[in-house]
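Here is a friendly briefing to read alongside the structure.

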Amino acid sequence: MRHLAPLAALLLAACATTAPRETPQDRFWQALSSHCGNAYEGGLASEDARDADWAGKRMIAHWVECSEDRVAIAFHVEDPEIEGGWNRSRTWIVTRETIANAAQTTTTRLTLKHDHRHEDGGPDAVTFYGGTTELGSGTARGQDFPVDAESIALFRREGLDASLTNVWRMEVDPTSNPDARFAYQLTRANDPTRLFRVEIDANTPVTSPPPAWGW
């Protein structure tokens, strides 16, 4: 029996080294997932002149698809020039990946992609671009997604050199927060004047809109 105690201690130590460690990305993911199925309204919060066409338009973020490792948020923008009055071309897709490191612990990495479709459901020439969080970075409320290599190649091919240093950001409070907010933001590492930011009231659900184009 005296030999069993050291063995038990070793087994417990081994379990401790492989147990998942909750990271800021994990807590962010929990907050993001808490809104599954809900739709909320908001609008443009930034004042960059390059986004003048977005100013004053109603915007709806709708959590249309949720699974253990994927959340899809359809982003609807009011547009009177489109039949039906809304542009439903954009869906944000956030995925979660668990990474094991040399210390036999795990951490989480999040990726944001933009699914852009035409009204007939076909993909836009510029679609499925985005970025991935750095391991261990960000907070439970906000995560940055620096542009990835695949997206840089796409932007270069399409002549969108201004987007080569894009950094997207999402901020979210869980539904348990009585003043819950959600924000989507774009900045550029090589242009400190660039700011596009949408803020959503994630405390008061609205009627779910029709599906995004192609969904």
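**Salt bridges and other links**

D191 is buried, at 18% relative accessible area; buried means under 20% relative accessible area, exposed means over 50%, and partly exposed lies in between, with a 1.4 Å probe and protein chains only. This is a predicted model, in which local features need pLDDT of at least 70, side-chain atom pairs count only at pLDDT 80 or more, and totals for chains, interfaces and linings use all residues. Residues are numbered from 1 along each chain as its sequence is written, and side-chain values use heavy atoms, with hydrogens and water left out. Helices (H or I, at least four residues) and strands (E, at least two) are DSSP runs, numbered from the N terminus.

**Salt bridges**

- Side chains of opposite charge can pair when their charged atoms come close.
- The whole structure holds 20 salt bridges, each being a side-chain nitrogen of Lys or Arg within 4 Å of a carboxyl oxygen of Asp or Glu.
- One of them joins D191 to R50, with 3.1 Å between the closest N and O atoms. D191 sits in strand β10 (residues 191-201) and R50 in the loop between β1 and β2, so this pair ties together parts that are 141 residues apart in sequence.
- How exposed is R50? R50 is partly exposed, with a relative accessible area of 46%.
- R58 and E41 also meet through their side chains in a salt bridge, at 3.0 Å from N to O. Here R58 belongs to the loop between β1 (39-44) and β2 (59-67) while E41 is in strand β1, so the pair ties together parts that are 17 residues apart in sequence.
- Both ends of that pair are partly exposed: R58 has 36% relative accessibility, and E41 has a relative accessible area of 28%.
- E158 and R157 form a salt bridge between their side chains, at 3.9 Å from N to O. E158 is partly exposed at 35% relative accessibility, whereas R157 is exposed with a relative accessible area of 60%.
- Elsewhere, salt bridges with shared partners join R141, D144, R169, E171, D173, R181, R197 and E199 into one network.

**The disulfide**

- How many disulfides are there? The count comes to one disulfide, the term meaning a pair of cysteine sulfur atoms within 2.5 Å.
- C36 and C66 form this link, with their sulfur atoms 2.0 Å apart. The link of C36 and C66 is left-handed, with -105° about the S-S bond.
- The pair connects distant parts of the chain, as C36 is in the loop between α2 (24-33) and β1, C66 is in strand β2, and they are 30 residues apart.
- C36 is partly exposed at 32% relative accessibility, and C66 is partly exposed with a relative accessible area of 32%.

**Helix α3 and its two sides**

- Which residues of helix α3 (residues 149-157) are buried? They are S151, L154 and F155.
- An α-helix has 3.6 residues a turn, so residues three or four places apart point the same way.
- The buried residues of α3 pack against β5 (106-116), β6 (129-132) and β8 (166-172).
- A149, R156 and R157 are exposed on the other side of α3.
- Just after α3 comes G159, with a positive phi of about 75°.

- W215 lies in the segment after β10 and is partly exposed, with a relative accessible area of 34%.
- Leaving aside neighbours within four places in sequence, W215 is in contact (heavy atoms within 4.5 Å) with V64, E65, R70, A72, T91, I93, D115 and R117.
- W215 and R117 are 98 residues apart in sequence and 9.2 Å apart in space, C-alpha to C-alpha.
- The side chains of W215 and T91 are joined by a polar contact of 3.4 Å. A polar contact is a pair of N or O atoms within 3.5 Å; within protein, one must be able to donate a hydrogen and the other to accept it, and residues adjacent in sequence count only if both atoms are side-chain atoms.
- S89, in strand β4 (residues 86-100), is buried with a relative accessible area of 10%.
- Setting aside neighbours within four places in sequence, S89 is in contact with D115, H116, R117 and W213.
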